[in-house]
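Here's a quick tour of one protein model, written for someone new to reading structures. Have a look at it first, then work through the notes below.

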Amino acid sequence: MPVDPREVAWLDRDTLGADPLDVDTGNPDGGDRQVPTADDLSTDGVPDVVEPGTSGTDEPVGVLLDATVGMALTRHTEVELTAAAEHVTGLRASHDVMLVNVLAELDARGVEPPGGLSRVDWLRALDPGLSAGAAKAFVTLAQAMNQPRWAELRARVALRHVTVANAAALVEFYGRVSRVADPVQLDAVLEHLSEQAAMLRPEELARRVRQESEQLTPPREADRLDEARRQSRGLWFTAPNRTGMVGMSAVLDPEAAAIVKAAVEPLSAPCPGKDAQGHTVEPDPRSPAKRRADALVAIIGRGVSAPDGLPVTDKAKVVVTIDHDVLTGRLAGIGTTATGDVLTAGTVRRLACDAGIIPMVLGRESEPLDVGRQRRLVTKGLRLALIARDRGCSFDNCTVPAQWCDGHHVHHWARGGKTSLLTTALLCPRHHTHVHQHDLTATVTARSVTWHL
């Protein structure tokens with residue numbers, strides 16, 4: 001029977017029994033408890049984590065030994081190599097949980113790191129490959145785990161329902177908004193985010209956290225924050241290096257970032273080589289970073305070459321999804337751009353003064369409703385709805401942004417499929433080709449796309 005983290009008050013030796021490995025497995029047959037023996041432990045003394053549906057008996061020992069000493073892995077099969085990658089990934093997750101629990105105990109005892117170092121610097125000295133952000137996540141979560149408020153989150157982390165990175169993001173979110181947010185509303189949002197954290201990637205949770213942060217910030221605080229962000233804009237150039245290359249970096253507020261992204265994204269999409277019939281013959285050799293640099297230079301070149309200082313093209317089109325009542329000021333809320341930037345209602349109203357507004361009907365759960373028409377090609381309105389729902393390539397675990405995706409008919413037009421929100425999905429070029437090659441289909445709703453693999 002799966003363990004509900006809300007029923008776990010604490011995880012310690014007294015809770016688990018005299019032996020910390022003496023854990024009741026919940027044998028449905030009512031037999032004796034099964035205690036892991038030495039044979040059940042991996043080489044580092046940690047019980048092997050067996051995922052549902054796997055036997056746990058096929059540990060790729062040979063691959064692991066060869067990989068540890070740097071030997072060639074050519075003699076191993078693809079199945080063995082794949083199993084080894086999955087096994088090592090599972091060990092990393094277990095090690096993260098162990099480390100954060102050890103740090104929490106050190107913090108509870110008031111033990112300072114040796115050498116007068118901060119905990120973040122100490123962790124990075126022990127593991128030079130650990131980034132400052134990852135080390136801070138360990139420390140942030142470890143400090144929170146000793147507080148009663150975070151008992152449920154501690155259980156979720158210990159049971160590996162929530163990753164250390166996602167748990168730390170929740171703790172940081174609470175510390176950042178608790179000073180200005182309504183406590184009851186904040187608790188409700190935090191409970192919802194805790195449940196979502198088990199299913200979301202760190203970047204997806206970060207987007208949700210940004211949205212909720214803006215939602216919980218009072219209007220007066222939001223206006224002050226907007227102004228502070230605008231005052232913090234900056235653009236820097238480095239001196240040319242020995243090859244003449246110049247570095248450039250910038251810090252932009254959400255409004256400025258949305259404008260720049262909206263201008264750069266359309267011109268930075270891959271441009272593969274095509275033959276006279278329009279068939280792709282070679283991929284775009286440029287990296288994403290180079291495509292964005294080329295796009296920025298092209299945009300500025302167009303602007304400075306315009307006659308009499310007049311722009312030769314329309315303003316960058318910033319697509320923002322916002323509730324109509326929020327836009328008109330009847331309700332508090334936020335707007336989100338197609339690239340995931342979160343804008344306050346005041347910022348969206350300012351942008352709307354000089355913009356075309358395209359209405360989109362949303363359902364109770366903010367899902368875009370069907371805007372389809374009996375046309376083969378995806379219309380402008382339908383594409384906006386697809387972006388609002390899919391936010392990028394809809395294929396599992398793909399992170400290609402929506403601007404680089406195609407509208408795919410889940411039920412092909414030639415086979416009687418219609419062009420509507422419930423029959424189309426966004427796919428990147430790679431997965432668009434993969435879906436057609438393998439004739440894959442999906443279950444499409446107004447809120448999600450689930451591919452049948």
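Helices (H or I, at least four residues) and strands (E, at least two) are DSSP runs, numbered from the N terminus. What you're looking at is a predicted model, where local features need pLDDT of at least 70 and side-chain atom pairs count only at pLDDT 80 or more, while totals for chains, interfaces and linings use all residues. Residues are numbered from 1 along each chain as its sequence is written, and side-chain values use heavy atoms, with hydrogens and water left out.

**Salt bridges**

- Side chains of opposite charge can pair when their charged atoms come close.
- A salt bridge here is a side-chain nitrogen of Lys or Arg within 4 Å of a carboxyl oxygen of Asp or Glu, and that rule gives a count of twelve.
- One of them joins Glu 105 to Arg 109, with N and O 2.8 Å apart.
- How open are these two residues? Glu 105 is partly exposed at 39% relative accessible area, and Arg 109 is exposed at 64%. (Buried means under 20% relative accessible area, exposed over 50%, partly exposed in between, using a 1.4 Å probe and protein chains only.)

- Which residues are linked in a network of salt bridges? They are Asp 284, Arg 286, Lys 290 and Asp 294.
- Asp 294 pairs with Arg 286 at 3.0 Å, N to O, and also with Lys 290, where the closest N and O atoms are 3.1 Å apart.
- Asp 294 and Lys 290 sit four residues apart in helix 12 (residues 288–304), so about one helical turn separates them.

**Zooming in on Asp 284**

- Is Asp 284 buried or exposed? Asp 284 is buried, at 14% relative accessibility.
- You'll find Asp 284 in the loop between strand 4 (280–282) and helix 12.

**Nonpolar cores**

- A nonpolar core is a set of buried Ala, Val, Leu, Ile, Met, Phe, Trp, Tyr and Cys residues joined through side-chain atoms within 4.5 Å.
- The largest one has 37 residues, and Val 100, Leu 123, Leu 141, Val 157 and Phe 173 touch the most other members.
- Helix 7 gives this core its largest share, eight residues.
- Skipping residues up to four places away in sequence, Val 100 touches Phe 138, Leu 141, Ala 142, Met 145, Val 157 and Val 164 (contact means heavy atoms within 4.5 Å).
- There's also a second, separate core of 22 residues, including Leu 386 and Val 449.

**Helix 9**

- Its buried residues include Leu 205, Val 209 and Leu 216 in helix 9.
- The buried residues of helix 9 pack against several elements, among them helix 7, helix 8 and strand 6 (334–337).
- The end C-alpha atoms of helix 9 are 21 Å apart, which agrees with the 21 Å that its 15 residues should span at 1.5 Å a residue. (The expected span is 1.5 Å times one less than the number of residues.)
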